[in-house]
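Dear colleague,

I am handing over the structure below, together with notes on what was found in it. Please read the notes with the model open beside them.

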There are 2 protein chains.
Amino acid sequence: MERKILLTEKEMPEHWYNIMADMPNKPLPPLHPGTKQPIGPEALAPLFPMELIKQEVSTEKWIAIPEEVRDIYTLWRPTPLYRAYNLEKALDTPAKIYYKYEGVSPAGSHKPNTAVPQAYYNKQEGVKKISTETGAGQWGTALSFACQLFGIECEVFMVKVSYNQKPYRRIVMNTYGATVHASPSNLTQAGKHILGETPDSPGSLGIAISEAVERAAGDPQTKYALGSVLNHVLMHQTIIGLECIKQLEKAGDMPDIVVAPFGGGSNFAGISFPFLRLNFEQGKSIRCIASEPASCPKLTRGVFRYDFGDTIGMTPLIPMYTLGHNFVPSPIHAGGLRYHGAGAIVSQLLKDNLIEARSHYQKECFEAGLLFARTEGIVPAPEANHGIATVIHEAKQAQKEGKSKTILFNLCGHGNFDMAAYEAYLSGKLVDEEVTTAEIERSLAEIDNLQV
Amino acid sequence: MERKILLTEKEMPEHWYNIMADMPNKPLPPLHPGTKQPIGPEALAPLFPMELIKQEVSTEKWIAIPEEVRDIYTLWRPTPLYRAYNLEKALDTPAKIYYKYEGVSPAGSHKPNTAVPQAYYNKQEGVKKISTETGAGQWGTALSFACQLFGIECEVFMVKVSYNQKPYRRIVMNTYGATVHASPSNLTQAGKHILGETPDSPGSLGIAISEAVERAAGDPQTKYALGSVLNHVLMHQTIIGLECIKQLEKAGDMPDIVVAPFGGGSNFAGISFPFLRLNFEQGKSIRCIASEPASCPKLTRGVFRYDFGDTIGMTPLIPMYTLGHNFVPSPIHAGGLRYHGAGAIVSQLLKDNLIEARSHYQKECFEAGLLFARTEGIVPAPEANHGIATVIHEAKQAQKEGKSKTILFNLCGHGNFDMAAYEAYLSGKLVDEEVTTAEIERSLAEIDNLQV
C-alpha cells in the first residue's frame, strides 16, 4: 500500500460538519459577564461579523464552505494522510498508525483552515482590520496569511514568552504583512493592568485575548478573531476529519482511536468530530483522545464550570473545563496548549463521557517527537508531540494486549520554528513542570467568587 | 483546472536520467591535482562508494532507482506541481506559471533526493560514517536525515556565516542525530590553514569541502558526500524534472522556459535536464535558465577553465565555469548559492549555448520572494527567490510582448529557517553586494598559476 493517501481537489469536502446538530446534550448558553444572564447572538456583534455569529449558534448539521474559501484551501488542501510505517516498525507494535499532516499549509499548521473563512466573512462585511492573539504563533501566522490574501489589516498580540522564544515566528507574520506586539503590552488597558501587577509576566493566551478583544471593542472598523475554543472555529476545522474519513475509506480502514493535541479544542475537534458523528449515527465506538500538557491540565485536573475565556474577564462566561481564568501555565514550549480552559462543545462532550483526555509531561513529548522525526522525517511542532506521546502509549498498549488497533492522529504542524525547544531537549535542559493541587485550587477559588 | 497537479506513488519515476548519454560534447575529464593527468574512477575510491563512482562516469541514459530508495522517497515524493494562479494575477501577466514544490521533503528542500541514495549506496558498502559540508544548511539537513534512516554516523562542516545566521538549522541536524561544526574549524589542517591566514573568515562552501574531504581521506571507515556539482548528484535530482513532465502532461501543457536557482548545479539540473532531453530527442527548444546571485556570478562573469572544487586544492581539477577556487563570496543570505564554480556537465552545456544564465541582486530576490509569499502563501528559501526573480522578469517580458508563455520553476525549498534574512529585508537592512571585475580577475589569476 502507498504511504500517502491523497485526495484530489475535487474530492475536498464541500461542507463543514457542525456537531451541535448531533450532540445528545447541547452546551449550556454563554452568559453575560455582568448580568449573568444568557446572551443572544447580538451581544457578539461588536467583535464578530454576523455570518460567523450565525455559525456560532447554528444547529444545522452541514454548513456549506464558500467557493472563495474552497479556492484558497486548495493552496494546500486536501492534505495528505500518511501511514506511519517507519514509526510502527520502530515501536514494534501490531497497531496501524496513520497521521494527517496539516503542516503542509503555508502557515505550517491546521490554523489556516479557520483563518481563511474568518477573514473571508469579515471581508464580506467590509471589515478593515482584525485583531487577534497568538500563543506559539501558529494562529497569528495563519491569520496574517489569510488577511493578506483578502487585503485586511492584521494586528497580533503574541504571548510574551513565545515572542521571545520564537523571534522568527514574528517575522513570518511580518512577512505576511501583519503587525505583532508582545503581550502583555502597554497598548491596552488590560495589558497595562497585568504589567502593573506582574511586570515580568510571561503572558498567556488568556491575557493576549483580553488585549485583542479590547482593541476590537474600542474600534468600530476592527473586528476580533479567535483561533480556537469557539464553536464556529471548531467547525471550520472539521474539514480535517472529513478528509480523513474519505482517505481511510480509500485505504479500506477505520480507526479504533483518534488522537489530537488539546489547547482550546480546535485541533482536537477538527480531526475527531467527524468520527464522533460516526459514533452518533452508526453506533460505532471510536475512542477520541485529547492530549494535553501536564502543566496545563484543564481536562484531566480542571473542573466543569462557567468561566471567562480571557484573563481580565471581558468575554462572556462560557461553560467549560477550566483551571480558572487567572491560571498562568508554566512557559512550556508547546505555547499553543497554554490555555486555561476548553471550548464549550468539547467540555460538554467530556462531561458526557463521549471523549477522553490524557496529559503528558514535556520531556515525554519531546522524546516522542524525536522518535517521530528520526523515523518519519518530519520534525513535529511541540504541540503535536503531545498527540504523538498518546499514540505511542496506545501503540505500546496494543503490543501488550497483542491486538492490532488502528490509530489515527493529527500531526497538526511542523516544528521548524520550535528548534530552540528541541535544542533544550537535546541538551538536557528541558524540565517537567509540576502543577500542585494547591495551585489549581487557588486559581479555581477565584472562579467561585464569580457566583454564577 | 486544479491548482495542484499530483502523482500517485506508483507514478513516481523508476529511473534517474543521465544527461551524459545525450550531450553533444561530453565534459572534459577531471585531472589529478598533482600530475594534471586525467584520473580514472579508482582515484575517487577513498572518498566515495564504488556504486556512486560508477554513476559518476556512467554514460547509460537511464539508471534504475533502487527499491529501498524509492520506498524512502515516498515519505515526501512525488512532490506537487502547482499552477501559480495567484502570482500570475498579481503580475497581470499572460504567462502561465508553474512551480514544482520540493520544500515538502522532511529536510525542506530538494536535497534529500540525492542524500537518500548516497546514504543508501554507502550503507550497501558498509560505510560507518559520512562527512560533508553545508552552506545554508539544507544539504547538511538532508544528509543528516538520510544517514539517520540508514544508521550511519554523520559529521557536517557548516559554513561559519550560515552557522551563525541560522542556529536553528544546526539544531535540525542535531535532531536528526548529526554532529555539526562551524567551518573553518580547528579540526582539520585545511581549517587551521584558513584560520591562520584569515582568523575571522566567514567560511565558504569551498573551504568546508576541503575540511570534509580531509576528514574522509584520513579515515578508512569514513566516506565523503557532496550535495551538488558532481555528475551523480545532478543525476539523482532529475527525478524532479521527470515528475514535472508527467504532471505537465496531465495538465496538457509544456514549458517554454524552465528556471532554477544555481549554486553548484544540482537544483538546476534536477528540473532542467529532463527537459533538455526533450530538446535533444524531439527537437524542442525549451529555454533552461540558471539563476545565480550577482555576488557570486560564475556563470555570467566567470571563465571556463580547469579549477579545484574546493578552496585548499584537495579535489581533482574539474572543467568548470569558475570565479577561482579562492573566491570568497560575500555573506549573502542564499548560502546555498555561495560557491565559486559550476559542475562539469552544466559548465559544458553553458559553453555549448544549450542553457542560459542570469544573475540577480539580493534585494530584487527578496522582493520577488515577498510577493510570492503574499500571493501563493509559501515563504520561499532565499535560494529559491533567485529563481522567482528570473520568473518575474520573464513573466513581465511576456506581458510586454503580449505572448502567453509557459514558465516552470523549481521552488526548491521553504524559507522557514531563513527568517532573519526576511527580517533584514523588511527592515531595509539588506544590501546589494557588488563584485568588481578587478576582484574576479585577481581571483582568476590564481588559477592561471595552476598552468593546466
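In which loop of chain A does Pro184(A) lie? Pro184(A) lies in the loop between S8 and H8 of chain A, where helices (H or I, at least four residues) and strands (E, at least two) are DSSP runs numbered from the N terminus. The bond that joins Ser183(A) to Pro184(A) is a cis peptide bond, with omega at about 5°. Another cis peptide bond joins Arg77(A) and Pro78(A), with omega at about -10°, and Pro78(A) lies in the loop between helix H2 (67-73) and strand S4 (81-83) of chain A.

Before going further, please keep in mind that this is a predicted model, in which local features need pLDDT of at least 70 and side-chain atom pairs count only at pLDDT 80 or more, while totals for chains, interfaces and linings use all residues. Residues are numbered from 1 along each chain as its sequence is written, chains are lettered from A and ligands numbered from 1 in the order in which they are written, and side-chain values use heavy atoms, with hydrogens and water left out.

As to the two chains, a rotation of 180° with 0.0 Å of shift along its axis superposes chain A on chain B, with an RMSD of 0.0 Å (least squares on the C-alpha atoms of residues with pLDDT of at least 70 in both). The two copies are thus related as by a two-fold rotation axis, and in chain A the C-alpha nearest that axis is that of Asn416(A), 3.2 Å from it. The copies meet through the same surface, because 100% of the interface residues of chain A are also interface residues in chain B.

Two helices of chain A were examined for what they hide. Helix H9 (residues 205-217) of chain A is mostly covered, with 11 of its 13 residues buried (buried means under 20% relative accessible area, exposed over 50%, partly exposed in between, with a 1.4 Å probe and protein chains only). What covers the buried residues of H9(A) includes strand S6 (129-134), strand S7 (153-159), strand S8 (179-183), helix H8 (189-197) and strand S9 (222-224) of chain A. In H18(A), the buried residues are Ile440(A), Ser443(A), Leu444(A) and Ile447(A). They cover an arc of only 95° around the axis, which puts them on the same side of H18(A) (the arc is that of the directions from the helix axis to the C-beta atoms). On the other side of H18(A), Glu441(A) and Arg442(A) are exposed.

In helix H16 (residues 382-401) of chain A one finds Glu394(A), which counts as buried at 2% relative accessibility. Leaving aside its neighbours within four places in sequence, Glu394(A) is in contact (heavy atoms within 4.5 Å) with Ile257(A), Arg287(A), Ile289(A), Arg358(A), Lys405(A) and Ile407(A). In chain B, Lys396(B) lies in helix H16 (residues 382-401) and counts as partly exposed at 45% relative accessibility.

Two residues of chain B have a positive phi without being glycine. Asp92(B), with phi near 50°, lies in the loop between helix H3 (85-91) and strand S5 (96-101) of chain B and counts as exposed at 56% relative accessibility. Asn353(B) has a phi of about 60°, is found in the loop between helix H14 (344-351) and strand S14 (356-360) of chain B, and counts as exposed at 66% relative accessibility.

With best regards
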